[in-house]
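Please read them with the model open.

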Amino acid sequence: MNQYYFSEWLTSNNASSLLIHLYTIPLSTEENRYSLGGQISYELSKRNNYQTIVFFEQYLASFSEINSWDKYEYIKYEARPICLDKAYERKLLERLVKKELEQRSRLTHVMDRGAFRLKRTKPINTEELLIYPAIQINVEVGENGEIFVGFDYIHRFEYRDNLLKLLNLNESFILKGTSVVDVNNPKTHEYEFLEIAPYKAGDESPYLKESVINYYGRKGEPKKLVGVDAASMIVHVKNKAGAIFPYLPHLLKLSCSFDSLPTHLSKIASKAIKMKPSEKMQELFKETHEILQKLPMLNFPKENVRAVNLGYEVKNANAPLLRFGNECTTSKLNEGLRKGGIYKGKEAHVSFFVDPLLQKNENMRANVGDFIKLLTQESSKMGVNLIVSGKPRELRGQLEQNFLSSADLGYKLKSIAKYFNGTVVVIASEQTINHAYKIVKREFGGKQDIVTQFVSFSNALLDRSKSLYTIYNILLGIYVKSGLQPWVLGENLNSDCFIGLDVSHEDGKHASGIIQIIGKDGTMIKQKSLSTNEAGERISMGTIEEILYDTIHSYKERYGETPMHITFHRDGFCREDLVFIAEKLSRMGIAFDYVEVLKNVNRRMATYDNGKWITEQSMYYKKDKMGYLCSTSPKEFVGMARVVKVVQKTNQLDFDQIMSDVYKLSYMHIHSMLKTRLPITTHYADLSSTFHNRGLLHPSTRHEEALPFV
């Protein structure tokens, strides 16, 4: 018999019976509420033998009474369970449980950016990286007082070389604003690099009012001074609150996450961290159980990780059929493209920009020519004629061999853009593609509104029997950047129109991205990256209004009628004014649903069947208007599937209909042969807003019926 498990643990305790000590403290202004609250709780914790104390807004909480207050004061004190109907008190308890768990785990674990790293576990070693297994934990308190702990088995990444070694190699390599971490600190503090200080370790620091050597000596931390003398380098870094600190650079390393790794390292890391579901789930439950046993005030029954005991209903969504050209309908991409060709579009205008390095000898030049012929032939089989521009031939012999690897590539590209028409297929050598990719995207895409498709060329591409999958992916990229529609859904969705929304955050900038999926078959008729910058997470009412009008107009242009129902898919939490949206749409007679699609949710789903852990694609756990979906099922050697959380904030459609649409739209990533776990709505909105923030997408692009950001 199958047993359905979830990486979420329900305590047998209820928050309504858990005594905590609550304090209301005076805060002078709204602006300093968050920084001052954190400072006060930290100082009080130190004064009270590192007692666990947390804050939220103007409130402090602890499991014990706070006895020593020194210069601080409170205006109200209560010893009682939290009020379940007050969101801020639930938030306080969530923080308190997590913080208490961290405090009680100090002897056995290293806290690494919120995750619990076992001290006894050795890192996975690669040539440039140290990779640490860890358990990520979060706490949720429901309005009914139920206390849940979510957990996941993750990996933390750390570069081998410290900042001192990198600066000694090349001082200009570390730019102002680069993110660095103090990996020697128990909490792995993150900072922003500012500069190399104009003084040395033995000189007085204006920030410390003493030398760095004296500072660590006075604090009793001689280990940090090993190898340090009076002439040692000092750097300045800044924390999130804006405070500047002098640091010995050998104590710092570049921030490292899987998403930030360069291509060659991400491949190594990906291979190193893969775990089969059976391995991951066994380790995950064992390690998490050991951590949670450190909380004497809470009880975690072993059976309270089963989906049914957590209050979930186990269901399955139906996979869609896909419709291709020539009325071919199938569930298999290979079969559909091979038998039917693409759904809509007969030609694509392209220009080939071949890396001069690949033209240095006649044999290599001939191989590139054969590849272009192969690409054209395979496209013809799918019903699309690649109309190749002859203008790039005018550049032949004019560009030096190292053109794509040159330091001033961005400047050189400005003068050659006029030689390209349509979608530009950049055929780059393996040596130059990493250097050229962002520079070309920024100049051609971000500044000149030229759409590009990169190809990393090797002679292996000429072997059709082995490279057909790659060739199909290249062609799909060309098609969607040329405004073609490779396939649509063979079955109707439950909503007439879908709007994907995201706010991208990078270097302090926020930008909305939007992709509109119009029609019940998932056809994309328009994408738009809005050039407005948002103040934080919330998308402004003005931006929402523009999105609504643009969507409805585009829909009417395509179908000649107004949609009856619109579904918003929000990448992340809903902070928008739903009453405002309801008022705008109700005047037009349009119903709507607003749905959160959360991709990083700290959860794993698995079925225990015949002594083995497995993941099942299309399965979801449902509770009221919220659920977790397993939308992929990778092979064991690839790793374990990650789940998506779906939350319905409105009441128009049934939640099962909402989940069905999310699942079917995860089959609509028309730029790739690879099915992904996210629906096209939020995934493309995320890519769109990220490209916009990085300057890789023209703010007023004319390619609104194409996908220039894939």
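1. Helix α2 has these buried residues: Glu89, Arg90, Leu92, Leu93, Glu94, Leu96, Val97, Lys98, Glu100, Leu101, Glu102 and Gln103. Buried here means under 20% relative accessible area, exposed means over 50%, and partly exposed is in between, with a 1.4 Å probe and protein chains only. Helices (H or I, at least four residues) and strands (E, at least two) are DSSP runs numbered from the N terminus.

2. On provenance: this is a predicted model, in which local features need pLDDT of at least 70 and side-chain atom pairs count only at pLDDT 80 or more, while totals for chains, interfaces and linings use all residues. Residues are numbered from 1 along each chain as its sequence is written, and side-chain values use heavy atoms, with hydrogens and water left out.

3. Does the length of α2 agree or disagree with its residue count? At 1.5 Å a residue, its 18 residues should span 26 Å, and the end C-alpha atoms are 26 Å apart, which agrees. The expected span is 1.5 Å times one less than the number of residues.

4. Lysine 98 belongs to α2, which covers residues 87-104. Its relative accessible area is 17%, so lysine 98 is buried. Leaving out residues up to four places away in sequence, lysine 98 touches Gly114, Phe116, Ile137 and Val139; contact means heavy atoms within 4.5 Å.

5. Lysine 623 counts as buried because its relative accessibility is 19%. Not counting residues up to four places away in sequence, lysine 623 touches Phe148, Leu310, Gly311 and Tyr312. A polar atom of the lysine 623 side chain lies 2.9 Å from the backbone oxygen of leucine 310. For reference, a polar contact is a pair of N or O atoms within 3.5 Å; within protein, one must be able to donate a hydrogen and the other to accept it, and residues adjacent in sequence count only if both atoms are side-chain atoms. Between lysine 623 and methionine 659 there are 36 residues of sequence separation and 12 Å of space, C-alpha to C-alpha.

6. Next, the nonpolar cores. A nonpolar core is a set of buried Ala, Val, Leu, Ile, Met, Phe, Trp, Tyr and Cys residues joined through side-chain atoms within 4.5 Å. The largest has 68 residues, of which Phe371, Ile427, Tyr479 and Leu707 touch the most other members. Helix α11 (residues 464-481) gives the largest share of this core, 8 residues. Another core, of 42 residues, lies apart from it and includes Ala15, Leu92, Tyr153 and Met297. In soluble globular proteins, nonpolar side chains tend to be buried together.

7. Which residues surround isoleucine 427? With neighbours within four places in sequence left aside, isoleucine 427 is in contact with Phe352, Phe353, Val354, Asp355, Leu358, Val368, Phe371, Ile372, Val455 and Phe457.

8. There are 39 salt bridges in the structure, each a side-chain nitrogen of Lys or Arg within 4 Å of a carboxyl oxygen of Asp or Glu. Arginine 570 and glutamate 576 form one of them through their side chains, at 2.9 Å from N to O. Arginine 570 is buried, with 1% relative accessible area, and glutamate 576 is buried at 6%. Salt bridges that share partners also join Lys76, Glu78, Arg80 and Glu89 into one network.

9. The pair of arginine 218 and glutamate 210 also meets in a salt bridge, at 2.5 Å from N to O. Arginine 218 is exposed, at 56% relative accessible area, whereas glutamate 210 is buried at 17%.

10. Lysine 447 and glutamate 443 form a salt bridge whose closest N and O atoms are 3.8 Å apart. Both residues lie in helix α10 (residues 433-447), 4 residues apart, which is about one turn of the helix. Glutamate 443 is buried, at 4% relative accessible area.

11. Tyrosine 343 sits in the loop between α7 (333-340) and β22 (347-354). Tyrosine 343 is partly exposed, since its relative accessible area is 34%. Its contacts, neighbours within four places in sequence aside, are Arg323, Phe324, Gly325, Gln485, Pro486, Trp487, Val488 and Asp521.

12. On cysteines, the count of disulfides is 0, a disulfide being a pair of cysteine sulfur atoms within 2.5 Å. Cysteine 83 counts as partly exposed, at 27% relative accessibility, and cysteine 256 is buried at 5%.
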